[in-house]
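I opened this model to look at the ligand site first.

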Amino acid sequence: MTGFPPFGEKPGPINRNYRTHVCGELRADHAGEKVRLSGWVHHRRDMGGVIFLVLRDRWGIVQVTCDQSISPDAYEAASEIKNEWVIAVRGTVARRPAGLENPDMLTGEVEIKASKITILTRAETPPLVIEQEGAEEASFRWKYRYLEMRRPEVQRRFIVRDRIINFIRDFHHARGFVEIETPILGKSTPEGARDYLVPSRIDHGNFYALPQSPQMYKQLCMIAGYDKYFQIPKCFRDEDLRANRAPEFTQLDVEMSFVEEEDIISHTEEMLIGLIKEITGKPVETPFPRYTYWEAMERYGSDKPDLRFDLPIIDISEAFKKTEFKIFRGILDSGGTIRAIHLAGAQPSRKEIDDFQKEAGKGGAKGLAWIAYEEGEKIRSAMGKHMSEDEAQKVKQIMKADDGDAVLIVAGKKRIVLESLGYLRNALAKFYDLVEPGVFKICWVTDFPMFEYSETEGKVVSQHHPFTQPNAEQWQEWIDAGKPMDSDLLYGMLSRAYDIVLNGDEIGGGSIRIHDPGQQAEIFRILGLSEEQIKSMFGFFVDALKYGTPPHGGIAPGIDRIVMHLTGAENIAECMAFPKTLKATDLMTGAPSEVSDAQLKELGIKLR
Ligand code: ASP
């Protein structure tokens, strides 16, 4: 309870028939004052002759004492009362007798000696015990989310969320930004996910798409001359959900004109540093390190590296240059690589190695090799006699390993090796408790590849989105080479995109945009759209670019993720008032649900 309300908020005007004060504000200074309070019964204790109620409202809790000998009426009402009934109390604030103060309550120095208690509404026994912190399954808590949201620690999260959003709004307004709302019923924006569609009643067979982001709208605001735009919109993406992905989420959407990467980066940094300080009181380590995409991949095996621990990935191919170990030989001869992570002062058991191998497998690794260095030249290794003593010692040297350490190794194609070790790195940090607690480690990742080949779609796709500007020199090289598709010139091309990463979580991404209509149309062509498709899907946008477009760029940090990190919540859904499950259902309302035949008919829809 200590620290609630989180920012010492004041209640503002209140109706004096119900209350003269709010529960959480009463202190020893109020002793002797006659007060009225209203709220929920948080807790009740019957001591025989005296009943103690703990009364709760949004501002906290306070103890109400109903003494039969002093106020029989109040005592009688309190005898009937149960948890979560809504009551109004009249009484006098009194200091608690010495030794009976409760240091866990902000109001713990006082109690209210009740003179009158009015029952405003009775309550059935709630399925969740409000005064206990929630350990129940989310599926149960979310069915009764309105009850769970009564819990002080949950209320605190939403008050912090409000503060965060407020800080962000003030920050942008103080810097010349204007908040512009953009439509929810719109046209598909290609952010790489599936759209949520809304059928038109008036124009059967036509559909609106809910925005995956306001990307094109915010760029149109730049064309319209607003120069510095922001918005805190809901975005909708109908994709396969997993932890920290929700079908609808909130982002801070920012766009600025006449800017380069540096402007967006410093703007975002200033905001985050200020925000974290304001909300948590903690400083953030600055400057934020910056890695290019390939630097991050090479060192950490991830484009969202967690910097709360080190465990870098190191290339040990050199040690096996002359190896006769068939698997390694084959991998090196076909252009693959052998990389490793150094585990200082620990040697995993067989069972642990099996678990780590599963983690590495998430990145595609087929196996996990390891060497444990014992005293002197002695080693243990799954590779056993396939590896020469010399090779084992070379690895030890490259990794700067000591006796008692272990080295975990993955060999194969470079991307698979790096991604596998990236997964392993996170798993090792968790298992060996290497994550520095209570810190905010932020970094930028820049220079992402412009395109990638999507196995599922069987074609080239944008790594960020199709409005991202490519590296100018590489773009020109590709044009000069005759625009070869399926070439290293295309797949090696870098973009002017950047991501911001907090404690291993990508909390936002953005880019410098294309402002040349010809280049924009060319990108759509690379992505496999025909002239017809470009016209019907993005004609309005390519046209708009023709009427004088300033150079511009932006970013979109995820609000739910920021709230999660700053409140220490387990996942983003817990930071949303009425969240949906991983199956995109709302357990409280039952959405999505069937609609009537009449509604379908009106929309011209027949279910298959
Ligand atoms: N529209 C992008 C997104 O939602 C962010 C951006 O490029 O500004 O991820």
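**Ligand site**

I started at histidine 465: an N or O atom of its side chain is 2.8 Å from an oxygen atom of the ligand. I count a polar contact as a pair of N or O atoms within 3.5 Å; within protein, one must be able to donate a hydrogen and the other to accept it, and residues adjacent in sequence count only if both atoms are side-chain atoms. Arginine 513 also has a side-chain N or O atom 2.7 Å from a ligand oxygen. For serine 213, I found a polar side-chain atom 3.2 Å from a ligand nitrogen.

I then looked up burial. The ligand alone exposes 270 Å², and the protein buries 92% of that (Shrake-Rupley areas, 1.4 Å probe).

The model is predicted: local features need pLDDT of at least 70, side-chain atom pairs count only at pLDDT 80 or more, and totals for chains, interfaces and linings use all residues. Residues are numbered from 1 along each chain as its sequence is written, and side-chain values use heavy atoms, without hydrogens or water.

Which residues come nearest to the ligand? Of the 13 around it, they are Glu191, Gln215, Lys218, His465 and Arg513 (near: a heavy atom within 4 Å). By class, I noted two nonpolar, seven polar and four charged residues in the shell.

**Hairpin**

Strands S20 (residues 451–454) and S21 (residues 459–462) pair antiparallel over four bridges. Strands are DSSP E runs of at least two residues, numbered from the N terminus; pairing needs at least two bridges. Phenylalanine 451 has serine 462 in S21 as its bridge partner. Four residues sit between the strands, and glycine 458 takes a positive phi near 65°.

Notes:
Ala, Val, Leu, Ile, Met, Phe, Trp, Tyr, Cys and Pro count as nonpolar, Asp, Glu, Lys and Arg as charged, and the others, Gly among them, as polar.
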